[in-house]
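Okay, thanks for coming, everyone. Have a look at the model on the screen, and then I'll walk you through a few helix contacts and the dimer contact.

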2 protein chains.
Amino acid sequence: MYSLEELRHFIKQAARDLEVAREPRELYQPIQYVFQTGGKRLRPVLSLMACNLFNDQVEQAVMPALGLEVFHNFTLLHDDIMDGASLRRNQATVHKKWDQNIAILSGDVMAIMAYEYITNCPADVLPDVIKIFNITARSVCEGQQYDMNFEKQIDVSAEDYLRMIKKKTSVLLAACLQIGAVIGGASRPDAEQLYDLGLSLGMAFQLQDDMLDSFGNPALFGKEIGGDIKSNKKTWLLIKALEIANQGERKELVNLLTNKNRDEKGKVDKVLSIYNKLGIKELAEKLVQSYFNKARKNLNNVRVPNERKSVLQNLTNSLMNREK
Amino acid sequence: MYSLEELRHFIKQAARDLEVAREPRELYQPIQYVFQTGGKRLRPVLSLMACNLFNDQVEQAVMPALGLEVFHNFTLLHDDIMDGASLRRNQATVHKKWDQNIAILSGDVMAIMAYEYITNCPADVLPDVIKIFNITARSVCEGQQYDMNFEKQIDVSAEDYLRMIKKKTSVLLAACLQIGAVIGGASRPDAEQLYDLGLSLGMAFQLQDDMLDSFGNPALFGKEIGGDIKSNKKTWLLIKALEIANQGERKELVNLLTNKNRDEKGKVDKVLSIYNKLGIKELAEKLVQSYFNKARKNLNNVRVPNERKSVLQNLTNSLMNREK
């Protein structure tokens, strides 16, 4: 069994060998840049942990795990163009640092590299791995489209929102775990438990992101608090608040959203005060907790000795209490 | 053995079943639109022909062939954004008809669909098929980057240009033939002959495109003649002309390229007159012919009875004399 740190090291090592010192430089430099800026590497680590539940030979899952991380970074790169985002992980986004054409094409190459690495797995599991990944990749794009649609849509329900983040975020975490498990030789039911575990983890993770943006500790969060509120982003918090508010509170919220108010700090404070009155934070915490409970049940159902589960269990626990 | 028309029918049928009647509509409508506008379907037809050389069961190659066509259309969609093109096959491009974000994301889904279909092939050839396709897909993106680089680069040699069109155009035709052959059960040397045949065909095809744009019959070509000249596109014709021109002709050409001359028709006529003086058309024809000769040799080297080669041979011959 490998520790979190050991698994992260496998990924770090493989990422260092990414074939990006290639021509044309205009195409590969941005890919190198995206990969150097890092990130938590949560997805490949989860994939290796799932493999390691069933098998001590995690090496065979390293390239596919890296491919899943490359895919994740490809979606961020293209999402940043679509969202017009200037910063990602505190660094200029590719379309800002270079230009939009470079960002489109480098992203396309990253998608292809993702497939290259993910399909670099034992031939006997290749058809299953590809099938899981194809469905997942398509779903992530569909999720991004729903996310863009919601910006223009007035009546987004909490249910719509949860379905969107399931597609955009959760299915990829689920696929990471399932693919790792399949490569590790898991039975179909065990691999499916891990898929479901990933779904719940993804839902909890995204809802936590929403919560941290409104209620996080600025020193730990690393970003200014209230960004989502300022940009009128339809997060679960806002959708739920609009849903359960009384007529007066609802009117106040809608006013805050539609007024071209220049006092952004005042707006954040007022929205947060409505959230507090409605107990939105507690509702979100309850929902997050319910997803972690589901995830815990899924891990319980996996038929391997308990001691093999501790690394994944610990990671799940640490995510439960994350403050950044 | 199937005729060209029968093979085209397989593709048409499969294209009709493309899973694009899906939600979200914003994402799938553009894909449907791109596919309805058609095109020659040259790539999937070549793939099926290569399969049919070795095997009467071409059905197993239909989905991969369709996937190769979807991939081709994905690259056109994203290229059109990068080139700022308004029209494709006489219809508005996706980023013009919808918007840029839709075009980026629909393209991404098409790339994923391409992988879905291409990997929908017998498990025993799957690792080979994926490997060929991964290398090819990456090369096509690299070719597009070189093409964009050349727009800003002054000293592009004929050699640079041929390398660029090899990457951007030829390798995909080559991969279509090789993948079809592999699925049909070809030996490795035969599959490689077909790859090389596709390379030569692709080079000839792209050079013909350049020639038709300057010397084509407007009634048959379907586009105005001289578009490349007006936009100062660095085609093989222009590069070669600059290379072999004497000092006076070279100066005149450079003047025509750099002058912000509003008399576009006059510019086209003057450039064409220099091309004629230098015998550029004949040089291009000679080069195209040499690629067709190479292609013919590759087909001769394939170890199947001659009668099985006639359909592919006929298609190659018809491409040799194409006027549109």
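So, at roughly what angle do the axes of helix H1 and helix H4 of chain B cross? Roughly 75 degrees, with the axes coming within 10 Å. Before I go on: this is a predicted model, where local features need pLDDT of at least 70, side-chain atom pairs count only at pLDDT 80 or more, and totals for chains, interfaces and linings use all residues. Residues are numbered from 1 along each chain as its sequence is written, while chains are lettered from A and ligands numbered from 1 in the order in which they are written.

Back to that pair. H1(B) covers residues 4-16 and H4(B) covers residues 62-83; helices here are DSSP runs (H or I, at least four residues), numbered from the N terminus. Axes are lines fitted to C-alpha atoms over the stretch in contact, and angles run from 0 to 180 degrees between N-to-C directions. On the H1(B) side you've got Phe10(B), Ile11(B), Ala14(B) and Ala15(B), and they meet Val62(B), Met63(B), Ala65(B) and Leu66(B) of H4(B). Contact means C-beta atoms, placed from the backbone, within 7 Å. By class, that's eight nonpolar residues, no polar and no charged. Ala, Val, Leu, Ile, Met, Phe, Trp, Tyr, Cys and Pro count as nonpolar, Asp, Glu, Lys and Arg as charged, and the others, Gly among them, as polar.

Next pair: H13(B), residues 247-258, and H14(B), residues 264-278, pack at about 155 degrees with axes 10 Å apart. That makes them roughly antiparallel, which is the word for angles over 145 degrees. Glu249(B), Glu252(B), Leu253(B) and Leu256(B) of H13(B) touch Lys267(B), Lys270(B), Val271(B) and Ile274(B) of H14(B).

Now, the two chains. How many residues does the contact take from each chain? It's 30 from chain A and 30 from chain B. In chain A, H2, H4, H6 and H7 each supply at least two residues of that side, and H7(A) gives the most, with 13. The chain A side divides into 18 nonpolar, seven polar and five charged residues.

And the symmetry? A rotation of 180 degrees with 0.0 Å of shift along its axis superposes chain A on chain B, RMSD 0.0 Å. The same surface serves both copies, with 100% of the contact residues of chain A recurring in chain B.

Technical notes. Contact = placed C-beta atoms within 7 Å. Least-squares fit on C-alpha atoms with pLDDT ≥ 70 in both. Parallel < 35°, antiparallel > 145°, perpendicular 65-115°, else oblique.
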